[in-house]
Amino acid sequence: MAAGEPLTEADRLALDRTIRIAEQSSRFEFSVYVGPAQGDDTRAWATRLHNRLVAPSRSVMVLVDPRRRVIEVVTGGDVRRHLSDGEVELAVLAMSSEFASGSLLAGLQRGITMLAEHARPQNTLHA
């Protein structure tokens, strides 16, 4: 998490717990950036941040620029095998709904939880 001006220390701790649970359940890494996106192309900025992560192919980057009211979710190649664009869109809608009601923390928690649930590898039975 970076540039989290709108989040209190308690919010950051709660978000860290949510991220840890998401990572344990999905086996992918989650990163959150809350703050101003540089430049006009917020998607490009989110992608640049994502590419700087330790394991971008196994990572999900959630960028929220509250001033611009922008949410960007960037997924690595390994993640995309388990998480569809439609599932990402649903998580973004859920986050937007919470943000509109004034809760940045609840929106991030809900979105990350949804992304992790959808990205979780399916259990298969071998006969």
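This is a predicted model: local features need pLDDT of at least 70, side-chain atom pairs count only at pLDDT 80 or more; totals for chains, interfaces and linings use all residues.
Mentor: Local features here need pLDDT of at least 70 and side-chain atom pairs pLDDT 80 or more, while totals for chains, interfaces and linings use all residues. Residues are numbered from 1 along each chain as its sequence is written, and side-chain values use heavy atoms, without hydrogens and water.

Trainee: What makes up the secondary structure of the protein chain?

Mentor: The protein chain has five helices and three strands, in the order α-β-α-β-β-α-α-α along the sequence. Helices are DSSP runs of H or I with at least four residues, and strands are runs of E with at least two, numbered from the N terminus.

Trainee: Why is the protein chain called as compact as a globular protein of that length?

Mentor: The globule rule is 2.2 Å times the number of residues to the power 0.38, and the radius of gyration is taken over C-alpha atoms. For 127 residues the rule gives 14 Å, and the radius of gyration of the protein chain is 14 Å, so the chain is as compact as a globular protein of that length.

Trainee: Where is Thr75, and what is it in contact with?

Mentor: Thr75 lies in strand S3, residues 70-75. Leaving aside neighbours within four places in sequence, Thr75 is in contact (heavy atoms within 4.5 Å) with His50, Ser59, Val60, Arg80, Leu83 and Val88.

Trainee: Why is Thr75 called buried?

Mentor: Buried means under 20% relative accessible area, exposed over 50%, and partly exposed in between, with a 1.4 Å probe and protein chains only. Thr75 has a relative accessible area of 11%, so Thr75 is buried. Of the 127 residues of the protein chain, 41% count as buried.
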